[in-house]
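Please look over the sequence and the structure shown here before reading the report. The text is meant for someone meeting this structure for the first time.

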Amino acid sequence: MPADSPIRVYIVDDHEVVRRGVASLLATDPELEVVGQSGSATVALREILQLRPDIAVLDANLADGSGVDICREMRSVDPDIKALILTSYDDPDAISAAILAGASGYVLKKIEGNSLINGIKLVAGGHSLIDPAVAHRVVEQMEMQRRSLDIICELTPQQRKIFFLIAEGMTNRQIAEKLYLAEKTVKNHVTGLLARLGLQHRTQAALLAVRLRGADAGSLPAADGPAVPGLAPDRRVG
C-alpha cells in the first residue's frame with residue numbers, strides 16, 4: 001500500500017444501522033476508504049477476496065456465520081488482509097478464537113469513534129489492538145486456567161483419568177465400568193474433584209478440560225499414567 005494511499009476498509013455487520021454508522025464514521029477521515037460492506041458472512045467473504053481491502057472490520061456474530069470464520073478463511077487465502085473484530089461481547093473464549101484465526105484486533109462496539117478510527121489505522125499498520133476490558137477478562141481466565149492446571153497436576157493418575165472421562169461426557173456408571181470401580185467410588189471422586197476445582201457441576205469440568213488441553217497441552221499430565229489395578233494393559237485409558 002503506497003504511503004499516500006488511503007487505507008481500504010471493508011465492513012461486515014448484520015445490523016444495517018451499525019454498518020452504515022461505522023461506514024459514515026470512517027468516511028470522515030481522508031486516510032480511510034470504505035470499499036465495501038455487507039451483513040452476510042457468505043457475501044462478505046466473497047467480496048473481500050475480490051476487493052482485497054487492507055483491513056476488514058468484522059462483527060463477531062452474524063446470522064449466517066461469524067466474523068472469526070470470515071477472518072480465518074480470508075487470511076488463509078490472503079494473509080495480507082488484516083482483521084479487526086468489532087463486537088458487543090467481552091467474551092474471553094471469543095477473543096482467543098479470534099486470535100487463533102489471525103485477527104489483529106478485538107474491540108467492543110461501545111468504543112468511541114475516534115478510538116475506532118485510530119484502532120483501524122494501528123491494525124492496518126501491523127499492530128495489535130485488544131479492548132482493555134476484554135484483555136482484563138482474558139488475563140483473569142488465563143490465571144484461572146493456571147490455578148486449575150496446578151490442581152490437575154497434583155491429582156493422582158486415577159483422579160486425572162476420571163477428570164478427563166468426565167470431559168468426554170461419561171456418566172459415573174460408565175466411568176465405573178471403564179475403570180473397574182464401584183459407582184459410589186466414582187461419585188465420591190467426582191464430588192471431590194468438583195469441590196477442589198471450585199466447580200458446581202460436571203459440565204463445567206468438561207469445559208475446563210477442553211480449555212486446559214488447548215491452553216497448555218505441553219504441561220498437562222497425561223490422562224493415562226500408571227495402569228489402574230485390575231485393568232488389563234491394553235485397556236488403559238488414553
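## Basis of the description

This is a predicted model, in which local features need pLDDT of at least 70 and side-chain atom pairs count only at pLDDT 80 or more, while totals for chains, interfaces and linings use all residues. Residues are numbered from 1 along each chain as its sequence is written, and side-chain values use heavy atoms, with hydrogens and water left out.

## Overall make-up

The protein has 10 helices and eight strands, where helices (H or I, at least four residues) and strands (E, at least two) are DSSP runs numbered from the N terminus. Of its 238 residues, 41% count as buried, a term that stands for under 20% relative accessible area, with exposed meaning over 50% and partly exposed in between, for a 1.4 Å probe and protein chains only. Among the contacts with a separation of 6 or more, 66% join residues 24 or more positions apart, contact meaning heavy atoms within 4.5 Å.

## The nonpolar cores

A nonpolar core is a set of buried Ala, Val, Leu, Ile, Met, Phe, Trp, Tyr and Cys residues joined through side-chain atoms within 4.5 Å. The largest one has 22 residues, and those with the most contacts inside it are Val12, Ile48, Leu58, Ile70, Met74 and Ile85. Two or more residues are given to this core by each of strand E1 (7-12), helix H2 (41-51), strand E3 (55-59), helix H3 (67-77), strand E6 (82-87) and helix H4 (92-100).

Not counting residues up to four places away in sequence, methionine 74 touches Leu45, Ile48, Leu49, Ala56, Leu58, Ile81, Lys82 and Ala83. Apart from this core lies another, of 20 residues, including Leu155, Ile162, Leu179 and Ala209.

Leucine 26 lies in helix H1 (residues 16-26) and is buried, with a relative accessible area of 0%. Leaving aside neighbours within four places in sequence, leucine 26 is in contact with Val9, Ile11, Leu32, Val34, Ile117 and Ile120. Aspartate 29, in the loop between H1 and strand E2 (32-38), is buried with a relative accessible area of 13%, and its contacts, with neighbours within four places in sequence again left aside, are Ile117 and Lys121.

Alanine 101 is found in the loop between H4 and strand E7 (105-108), and it counts as buried because its relative accessibility is 7%. Alanine 101 and aspartate 69 are 32 residues apart in sequence, with their C-alpha atoms 7.5 Å apart in space.

## Helix H7 and its partners

The axes of helix H7 (residues 157-167) and helix H8 (residues 172-179) come within 10 Å and cross at roughly 135°, so H7 is oblique to H8. Here axes are lines fitted to C-alpha atoms, for helices over the stretch in contact, and angles run from 0 to 180 degrees between N-to-C directions; angles under 35 degrees count as roughly parallel, over 145 as roughly antiparallel, 65 to 115 as roughly perpendicular and the rest as oblique. Lys161, Ile162, Leu165 and Ile166 in H7 meet Ile175, Lys178 and Leu179 in H8.

The axes of H7 and helix H9 (residues 183-197) also come within 10 Å, crossing at roughly 85°, which means that H7 is roughly perpendicular to H9. Gln158, Gln159, Ile162, Phe163 and Ile166 of H7 make this contact with His189, Val190, Leu193, Arg196 and Leu197 of H9.
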